[in-house]
Amino acid sequence: MDLARIEELLNLEPPSDVRYREILRRARRAEGLDPEDAAMLLLGASDSRRDAALFSAAREVKRALYGKRIVLFAPLYISNLCSNKCLYCAFRRDNDSLERRKLGLEEIRGETRALISMGHKRVLLEAGEDLAAAPMDYVLDAIEAIYDTHVGRNGIRRINVNVAATSVDNYERLRAAGIGTYQLFQETYHRPTYEAVHIEGPKSDYDYHLGAMDRAVTAGIDDYGIGVLFGLYDYRYETLALLAHAEYMRETHGIGPHTISVPRLQSAPGTEFEAPHPLSDDELKKVVAVLRLAAPYTGLILSTRESAQMRDELVNLGISQMSAASMTEIGGYGKGEKHSGQFDTHDHRSLDECVRDIVSREGIPSFCTGCYRKHRTGSRFMEMVEAGEIRDLCLPNAILTLAEYVEDYGSDDTRRAFERRVPEWLGEIPDERVRAATTSALAEIESGVRDVYL
Ligand code: SAM
Ligand code: SF4
């Protein structure tokens, strides 16, 4: 990965209006952008006309590739024991103000039941890094316990995992356990900054952390997610580095990232750390729009670190997956634990409120896990997104999984909002046979059948 090139790109002259417009014209084709074009979009001084054009191009590309669907999930924190000292994180080992907790398997089942009972179908398993107290065996047991837990006929259908960088052997074990996406954030690609904020523990090794995705893919994990913690270093550098990482992985392994996450640094309990390069709301919007245009095939994930209002805006600019009703506490769902969280969140809507708000803003919340279960993963998935084919599956699957949610967990208001929109959504399914299949699957769901997808 050529990070030196990024410095060069950032020293280029900002684009003229003509060049900026020309780049956006090409970006609208949804074929991606080369690093220099992406740098130009980031370097262009923010003015309202340019921003409006950038945002409208990102909106168009998102709609063209993914349609209106927005996939919902929740994080499930199983342990805050950690041997690292990441200065920004409440889980770092010298934070004495935190209650340290590691969930037992029965407690993990309890958390899972609480999530299923809200209506969730996808979780992102999260843990601090403690090789002695919470080794890979523990993570694998947790995965099995989550998949095994059901409430009535419902269960968690896809577990994505965000645990510390590890060996090829351990990644093979994670793959064999049936995980969806393996996620790991580089936090910052800027080595001096990385070394200044990760000061002790295994995570302080920049190269080992950066090589995690090479090892994961070598182990056969073909859906992987990358990200940075915005606020640690210059956002333009980090955005270009994410794209460079994606390009490197694509060239080296033939598989680009399934997702890119855009977390912004938040205050954290017992933590004085302040973002050295705080990212404004407008800058975050720009990051999302540029990533959507430069890597159109990639899912973009946003968490409840952001406020409801910010999330509503970012969905329009290219976010395709969102966590909802999240807790970062260990035992936060079932037991309402309050003193073991990783950082402060700002969207406190319930899952039902999120669902209803998305529907009222013309989006379609989706609980779909179809691609992963039909082996549309890795490069196969990427090719289908690029060919516009995923959009045509996402729409019916979003409608069907949302229908299940509404039947089993939706409030009356959410049900009414859903029913008002369904005819319009069905009308947007381009293929007549798919439309007919979706309509009859909706009737099956109403009569009690579950887990129906294309
Ligand atoms: N412990 C593993 C690791 O650090 O890679 C697993 C993920 S950790 C539980 C999840 C993520 O939370 C980290 O990668 C980091 O980006 C993010 N995080 C930590 N402290 C944060 C803060 N104060 N604000 C926002 N995100 C934070
Ligand atoms: Fe531990 Fe991850 Fe927090 Fe670092 S970011 S202290 S590794 S939980």
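A salt bridge here is a side-chain nitrogen of Lys or Arg within 4 Å of a carboxyl oxygen of Asp or Glu. In this predicted model, Asp17 and Arg49 form such a pair, with their closest N and O atoms 3.9 Å apart. Asp17 is partly exposed, at a relative accessible area of 33%. Arg49 has a relative accessible area of 57%, and it counts as exposed because the cut-off for that class is over 50%.

The structure holds 42 salt bridges. Another of them is formed by the side chains of Asp94 and Arg92, with an N to O distance of 3.1 Å. Asp94 is partly exposed, its relative accessible area being 37%, whereas Arg92 is buried, at 11% relative accessibility.

Glu306 and Arg264 also meet through their side chains in a salt bridge, at 2.6 Å from N to O. This pair again links distant parts of the chain, 42 residues apart: Glu306 lies in the loop between β9 (299-302) and α13 (308-317), and Arg264 in the loop between β8 (259-261) and α12 (281-294). Glu306 has a relative accessible area of 3%, and Arg264 has a relative accessibility of 10%. Both count as buried, because the class takes residues under 20%.

Salt bridges can also be joined into a network. Arg311, Asp312, Asp347, Arg349, Asp357 and Arg361 are linked in this way.

Notes: Residues are numbered from 1 along each chain as its sequence is written. Chains are lettered from A and ligands numbered from 1 in the order in which they are written. This is a predicted model: local features need pLDDT of at least 70, side-chain atom pairs count only at pLDDT 80 or more; totals for chains, interfaces and linings use all residues. Side-chain values use heavy atoms; hydrogens and water are left out. Buried means under 20% relative accessible area, exposed over 50%, partly exposed in between (1.4 Å probe, protein chains only). Helices (H or I, at least four residues) and strands (E, at least two) are DSSP runs, numbered from the N terminus.
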